[in-house]
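The sequence and structure follow.

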Amino acid sequence: MGEGAPARPLHPPAPAPRPGRGGGRPRRTGRAGGRGRPRLKGWLYLLPALAVYGGFAIYPALSTLYFSFLDWDGVQLPAWAGLENYTRVVSDPLLAGAIGNGLVLIVFFSLLPIAVGLLMTGLLTGRPRRGMTFYRTVFFLPQVLPLVAVGTTWRWLYSGDGAVNEFLGAVGLGGLTRTWLGDYDFALVALGLIGTWCMSGLCMVLFMSGAQKIDPALHEAAALDGAGRLRRFLSVTLPGLRREISIAGVITTIAALASFDLVFVTTNGGPAGQTNVPALLVYRLAFNEGDIGAASALAVVLTLLVIALVSLIRLLAREK
Amino acid sequence: MPPEEKTPSQESKPPRGRALRPAVLSALGSAAALTLTACAALPGGSGGPPQDNTPDEVSTDISGVSATLTLAYTDDPPSSELVEGFTDQYPDVSVELRQTPFTDYVKTITLSMSSDDAPDIAQYNPGAMRSLVPGGHILNLDPYAEAYGWEESFPSAALEPLQSDEEASEFATGSLYAAPGALSVLGVFYNTELLEEVGVEEPPATLDDFEDALARADEAGVAPLSVGGLEVGGFQIWNALLNSLGDHTEYKDWVYGAAGSSIETDAAAEATDTFSRWVDEGYVTEGANATSDDDARAEFVAGDSLFLVTGNWAAFELEAEMGDDAGFMLMPGRTADQAPVASGASVAYAVSSSTEHPDAAAAFLDWLSSAEAARIQLDTGFMPVDTQVPAEGRGLLDEVNAGFAEVADNDGIVPFPDYATPGMIDQLTPGVQGLISGSSTPEEFLASLQAEWEGHHG
């Protein structure tokens, strides 16, 4: 990767078009680096990606930031509102509750799936067995399904006479049955477990591909030294998966905090606001109440929160 | 149509696959994607000083006028059927239809009606009008109402929600901005077979009788009510109770935003207490909070429950699925002879102030109150604007229409409560869920509605 160094100045700070893992691109720009004209030419190559990224990611993000300082309904002339939207958003108890719920969802969207993913990886790797592709596909399936379909299906599974309650009844836990998503105390947990179901497959697939890249010699050496399966998993597989775990953490944390569609189709924030999440409130402010300013301010706050948490995860998982 | 009925949409998918970047970049990228979702649908700022929106000269004679109008709408039926009926009668006028699904309708119509290429006619939506009317984009129909005599030809209760002041903050006052093309009414569907089974001879005539029927059903092991508490079904029961128990002028003032109004009244407290009592008695169960309106309707259709509180929009399906087993009545009052009051709404149409053919557009609105239009409105499952249309032996649909005519003739149609403010529905649904789960008291529920009201109108 040393060759990549001269290419650095070519990348503008924010909209760098995917640096990528491999060294392919940096090497090519590296060859041209250092002289005047080819540098400009380099920018020309960047232009299409830059235009798309700028137009569809940077510009809307900046617009949102701008809107968050306006008192605007989307049609009439906007008025400058200063920080008013932010004070409103921050002082609203609804929002605090929603952010709290988002943080609880991280447990279900992120921590549990990573744990499940690691467990599955530990069980399925090590020795090759028939039907691996089958397992992988089955576990990854929730990722492929549209979340709206997932949500609708789970609403039925969780309903009064749905499969979940039937199962509980069948194993003699009939006393526990309830309409899970309508239950004041359990709705958030029930919702979170849908997220666990969705995200576990993704984590597993990430970890499995990571585990396959670990040099088999390490496993063999550990086995020769008398390490059992658990020991090998903890000492060889787990450290080798640091990168993948951090990536899974980032993706799933974002999914937890930004969750919208799943909540929208299953509980829509109910019962009585018990499953409100920030993105749902952004949607309501913008499209039900026509308050673009407050919706944008809330979106900005949510974004900052996501950036903070994601940065923290990356920091924790950084390789020394 | 049910107030503000919503269908799921796919938004804010987490940005997968971006995560292979260095920490900050990946965070920024996902952040950008997040904010992108938040503003993808925002108008690009079509603001401007308010336009003049009052026509100078109006004519009710459109003979010899040949025009092509565009009509933007979301509800179909009845929109395309009504347009067809109109153009059959006025062949010189042709109408180009532009439909948008409800989930996108408010933002689409706000954008297009404030653009340079606005459709001539648009289906009225209170949320959108709150921006469009103050901007001067909607034609003030007062001159036409006077020229045609709409006060006479349309039920006044149906015109009220379409009248507003120039800021579109208070309704049932100021000028007329739309005309109703098909009406709806909230009531109670019952399962005749189950009614008999639990030992109730006649459909309940008073609220006490109704509660008695609920109790009998509960004892007999039949679910008394199907409640779509996840969506609008929960607060529609509360709404129907309030209609039956409350003073409807007081309620209308509150919904229309008359200064100093309050929902924290004795009548509203009684309606809320009644609802909470039904929860305590187990007539409404906590499972309702996870039941969508469709699920509730399906449960009723399957014969699993005695009553379903919803509107005429369900009549078609119930008639088709249940035939004579389904009946319709209004939520009964304290006494059997109490003047009936029920919530209703309309599919209404507004005219763009930049239309080149205001006379032709107004002629369409006027035609909506005709007997020909009434037939189409009935045929498409709505309540007719002209209530004098005779019944035709169509079972449940006739029953619904009879109930509606009774209310309309009494001037007893009142708006749905979510009309009060743009965010009211987000207080009503969770608020009633709180009552169902027992996590909030009737007082807290009413106070939260009033707080939302004060925030918007205060």
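| Residue | Relative accessible area | Class |
|---|---|---|
| C198(A) | 3% | buried |
| C203(A) | 0% | buried |

This is a predicted model, in which local features need pLDDT of at least 70 and side-chain atom pairs count only at pLDDT 80 or more, while totals for chains, interfaces and linings use all residues. Residues are numbered from 1 along each chain as its sequence is written, chains are lettered from A and ligands numbered from 1 in the order in which they are written, and side-chain values use heavy atoms, leaving out hydrogens and water.

Rings of Phe, Tyr and Trp (its six-membered ring) pair if their centres lie within 6.5 Å; planes under 30 degrees apart are stacked, over 60 edge-to-face and the rest tilted. The count over all chains is 23 aromatic pairs. W154(A) and Y158(A) make a tilted pair, with 5.3 Å between centres and 45° between planes, and both residues are buried. In chain B, ring pairs join F86(B), Y90(B), Y349(B), F364(B) and W367(B) in a cluster.

Chain A has 320 residues, of which 46% count as buried. Among its contacts (heavy atoms within 4.5 Å) between residues at least 6 apart in sequence, 66% join residues at least 24 apart.

How values were computed
Buried < 20%, exposed > 50% of the residue type's maximum accessible area, 1.4 Å probe, protein only.
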